[in-house]
Amino acid sequence: MYRARTLHRIASGRRVFDLRSDTVTKPTEAMIREMAKAEVGDDVYGEDPSVNALEDRVAQIMGKEKALFCASATMCNILSITSLLAIPPRSLPSTSFHGPPYSVACDYRSHLYLWEAGNLATFGHATTIPLRPRNGLYLNHEDIAQQVWRPGDVHVAPTRVISLENTLDGLIMPLKTMQRMYQQAREQGHWVHLDGARLWNSSVATGTPMAQYGHCADTITLCLSKGIGAPIGAILAPQKTIEQARHYRKLLGGGWRQAGGLAAAATRALLDYHERMSRDHHHAQLLGKGAVEAGWKLALPIHTNMVWMEGKHILQGRGWTSKALEDHFLKQWGIRVNGVDAQGQMRCVLHHQVRLEDVQVMIRALADLSK
Ligand SMILES: Cc1ncc(COP(=O)(O)O)c(C=O)c1O
């Protein structure tokens with residue numbers, strides 16, 4: 001069922017490849033072998049040796065004491081933040097006590113704010129404050145200092161957690177910026193969560209060890225089923241909140257039993273992601289360059305594995321809907337793409353199952369469309 005070879009072909013026999021997301025990869029043969037021979041046990045009892053090995057490995061990578069393997073990055077984000085909201089703030093000025101609800105400050109484009117089905121409101125009983133980075137790329141400590149809600153004002157739900165995302169839309173938040181924000185958060189009594197679903201990409205692109213990012217946050221989400229390429233799973237690396245997060249995972253129905261097969265696939269993927277991801281980043285640069293040469297404009301700089309192009313003019317020029325554009329790429333070229341979004345942009349995501357020749361096909365398809 002998992003064979004990439006068969007899934008990557010359409011009836012004509014032509015190879016189909018997928019640029020919609022890095023979540024679409026299929027497990028490799030090596031991962032499937034590891035899954036088949038994984039030792040398993042009941043993870044709710046903490047008795048799955050393959051899960052325990054993965055959690056230990058990731059905690060070590062991140063410089064944290066513990067990690068918790070979960071079904072998805074969405075689950076890791078909600079467990080992390082609700083756990084931080086459940087413990088007392090870093091410092092509590094006695095004159096300005098507020099009970100819940102609290103607020104979570106994050107970038108206005110962050111996954112947590114836009115694409116997690118409002119779970120913070122439902123489970124976290126918290127509201128989000130979407131912040132705009134003034135440099136147009138990533139938040140910094142000044143953006144946060146000016147826009148968070150402080151206790152002492154009866155009109156607001158005071159900010160308890162700052163949630164960062166790195167990479168965000170493929171953009172890297174520099175380590176120094178994160179360090180400065182974390183220092184400020186500590187001074188102002190905020191907890192910091194890092195949605196690092198694609199932190200691996202930042203680390204590979206900049207050469208920064210993951211643990212250095214790990215020191216800039218109290219809880220961290222790392223996805224294993226995006227650029228890393230594992231079939232399922234994400235992991236959170238909390239410092240103080242592991243038991244709280246484990247409890248909330250159970251509450252949400254996320255306490256799983258013999259999950260070791262999935263953990264074994266992820267552990268295998270962690271052995272050689274560096275080289276694969278460097279290639280993805282190189283492919284993104286090639287695609288971006290080819291797109292520009294073919295007359296397309298880039299909507300954002302390319303830092304890692306995402307290429308954002310302006311696409312509204314193509315729809316307008318041809319009188320197409322976004323769906324028609326997707327159909328065109330699939331039928332004419334065998335490429336699955338996201339259409340043009342509400343902002344008029346088309347996102348292409350490189351991953352380890354996109355080859356160099358696929359990138360060349362995509363560039364030809366882009367050139368053909370801009371004729
Ligand atoms: C930055 C970021 N965080 C979290 C998620 C959620 O991941 P999942 O699909 O594993 O819930 C995504 C998904 O694309 C993401 O891009």
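## Strand pairing

A105 has I129 as its bridge partner in β4. Strand β3 (residues 103-107) and strand β4 (residues 127-131) run parallel and share 5 bridges; strands are DSSP runs of E, at least two residues long, numbered from the N terminus, as are helices (H or I, at least four). Two strands count as paired if DSSP finds at least two bridges between them.

β3 also pairs in the parallel sense with strand β5 (residues 159-165), over 4 bridges. There, S103 stands opposite T159. In β3, 5 of 5 residues are buried (under 20% relative accessible area; exposed is over 50%, partly exposed in between; 1.4 Å probe, protein chains only).

The model is predicted: local features need pLDDT of at least 70 and side-chain atom pairs pLDDT 80 or more, while totals for chains, interfaces and linings use all residues. Residues are numbered from 1 along each chain as its sequence is written, and side-chain values use heavy atoms, without hydrogens and water.

L114 lies in helix α5 (residues 111-114). L114 counts as partly exposed because its relative accessibility is 39%.
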